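This briefing covers the ligand sites and some backbone features of the structure shown below. Cut-offs are given where a term first comes up.

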Amino acid sequence: MSAVVLIGAQWGDEGKGKITDYLAEKADMVVRFQGGNNAGHTVVIDNQTFKLHLIPSGIFYADKICVIGNGLVIDPKVLLTEFDYLQSKGIDTGNLRISGNAHVIMPYHKLLDVLEEEFKGEQRIGTTKRGIGPAYKDKASRTGIRISDLLDKNKFAQKLAYNLKEKNLFLTKIYGHQELNYDEILQEYLQYAERIKPYIADTSLIVNKYLDEDKKVLFEGAQGTLLDLDHGTYPYVTSSNPIAGGACIGAGVGPTRINKVLGVVKSYTTRVGEGPFPTELTGSMGDLIRDRGGEFGTTTGRPHRCGWLDTVILKFAIRVNGISDIAFTKLDVLTGISPLKICTGYRYRGATLTEFPMDLTVLAECEAVYEEMPGWQEDLAGITTFNELPAAARDYINRVEELSNVPVSILAVGPGRTQTIIRQTIF
Ligand code: GDP
Ligand code: IMO
Ligand code: MG
């Protein structure tokens, strides 16, 4: 039995899609367990770039089962667009299974996401406006509509009527917006249901059966540790649990079945949306990293805020996820930058903190403490083994391992499949 949970160790966009695609070759199944189409996972195969929002990044291997677990919120329109997009590129989606217990993003969720953000003004989160938060809100309120509800026309009609009655009150009385039309939504979603129906399954059963049969299952996290609803930089977080524990809940597997947790760590830090960011670089160095790293959102196109690698965050991510292995990505982006800085602590009111503070107001006051390391000038794009890396790059990785006490088992030196250095096998 081999179950590996892959998660983002920072604020998302660490390169989870690329690493998932790489590991999917050895896996039998790839499972998404939380989030929705707020995610944007990039996979580059033979110079062709694919961007996925809902479908697991294992879909490029025809013989792997891909699962969308119960923990997701699914916008059916986006899902079907993704089907069409992949099919138009010759990628078969027949091996996809979707949990009937996953929740459905409805038009009012998307609208409320926009209106709530506007209402918050300065307090806004900077969401992706995909309806994620409002859909999870309904899930927690026990009024949400699940994928399986779409299969029963009467049940769906009833649930929609209740929800729309409530949401239209919010829209008109609080936000001064016009009402949404019941019949239009009903017809639209019943049409989606027809196309989604063949994919719906009891995915917890399927995943556990694979584990019972000693098959290799890769759980593909979306977002990142600091966007976790419980452990992230609340309220500047997403509405699900991207940490490793979320895989158990969002896929319906017990914690005893997980063998490894692979933390995907980018060689610098980025963040999209609002909230404190101790190692943020607002000047020309931040611009340089953004340009070289192509740090513009896969989902919304927004420019990413960029900063140095932060090992206080890394240590925190190792703690709350139980990271056993690190996949260190985008090392190539640091070529030509010297010296490189690594944050090892925070200065807070005269004291030095080495643990990530629980309180956001403390984090907002923290100033990063750095150590410097010499950079390298060599192009890393074609390198396939650790020993071929320039000495300064090896020293940098060794230092990350020392500071984190976790092995860097995978290194990425470019977006392509082959631009990956394996130091310890994961599967
Ligand atoms: P995800 O959300 O964690 O899957 O990451 P994204 O796909 O949103 O963003 C990562 C970006 O970096 C994508 O454009 C990837 O193609 C690219 N990428 C991933 N790994 C590497 C790498 O090692 N080097 C470079 N230069 N780009 C990479
Ligand atoms: P992947 O999987 C980076 C951020 C948004 C916002 C906050 C809440 O590609 O790494 P939401 O729409 O989820 O309510 O927004 O979370 N966010 C991400 N940032 N990568 C992502 O996904 C993200 N998904 C959400 O920018 O700050
Ligand atoms: Mg992304």
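Buried means under 20% relative accessible area, exposed means over 50%, and partly exposed lies in between, with a 1.4 Å probe and protein chains only. At 25% relative accessibility, D13 therefore counts as partly exposed. The model is predicted: local features need pLDDT of at least 70, side-chain atom pairs count only at pLDDT 80 or more, and totals for chains, interfaces and linings use all residues. Residues are numbered from 1 along each chain as its sequence is written, chains are lettered from A and ligands numbered from 1 in the order in which they are written, and side-chain values use heavy atoms, with hydrogens and water left out.

- Helices (H or I, at least four residues) and strands (E, at least two) are DSSP runs, numbered from the N terminus.
- G40 counts as buried because its relative accessibility is 10%.

**Ligand 2**

- There are 20 residues around ligand 2, and D13, K16, H41, T128 and T238 come nearest. A residue is near a molecule or strand if one of its heavy atoms lies within 4 Å of it.
- A backbone N or O atom of D13 lies 2.8 Å from an oxygen atom of ligand 2.
- Side chains also take part: an N or O atom of the N38 side chain is 2.9 Å from an oxygen atom of ligand 2, and an N or O atom of the T238 side chain is 2.6 Å from an oxygen atom of this ligand.
- On its own, ligand 2 has 550 Å² of accessible area, of which the protein covers 97%. Accessible areas come from the Shrake-Rupley method with a 1.4 Å probe; for residues, only the protein chains shown count as cover.
- The shell around ligand 2 has 7 nonpolar, 10 polar and 3 charged residues. Ala, Val, Leu, Ile, Met, Phe, Trp, Tyr, Cys and Pro count as nonpolar, Asp, Glu, Lys and Arg as charged, and the others, Gly among them, as polar.
- Ligand 2 lies between domain 1 (2–92 + 202–422) and domain 2 (103–199), because both give residues to its shell. The domain bounds come from an automatic or database domain assignment.

**Ligand 1**

- Of the 18 residues around ligand 1, those that come nearest are K16, G17, G40, T42 and D332.
- An N or O atom in the side chain of D13 is 2.9 Å from an oxygen atom of ligand 1. For T42, the distance from a side-chain N or O atom to an oxygen atom of ligand 1 is 2.6 Å.
- A nitrogen atom of ligand 1 has a polar side-chain atom of D332 at 2.7 Å.
- The protein covers 89% of the 590 Å² of accessible area that ligand 1 has on its own.

**Cis peptide bonds**

- Y234 and P235 are joined by a cis peptide bond with omega about 5 degrees. P235 is in the loop between strand 10 (216–220) and helix 8 (245–251).
- Another cis peptide bond joins S338 and P339, with omega about 0 degrees. P339 is in the loop between strand 15 (325–329) and strand 16 (340–348).

- Q223 is not a glycine, yet its phi is positive, at about 55 degrees. Q223 lies in the loop between strand 10 and helix 8, and counts as buried at 7% relative accessibility.
- R349 has a positive phi near 45 degrees and is likewise a residue other than glycine. R349 is in the loop between strand 16 and strand 17 (351–353), and at 65% relative accessibility counts as exposed.

**Other buried residues**

- T270, in strand 12 (residues 269–271), is buried with a relative accessible area of 2%.
- I318, in helix 10 (residues 311–321), is buried with a relative accessible area of 13%. I318 and N405 are 87 residues apart in sequence, and their C-alpha atoms are 9.2 Å apart in space.

How values were computed: A polar contact is a pair of N or O atoms within 3.5 Å; within protein, one must be able to donate a hydrogen and the other to accept it, and residues adjacent in sequence count only if both atoms are side-chain atoms.
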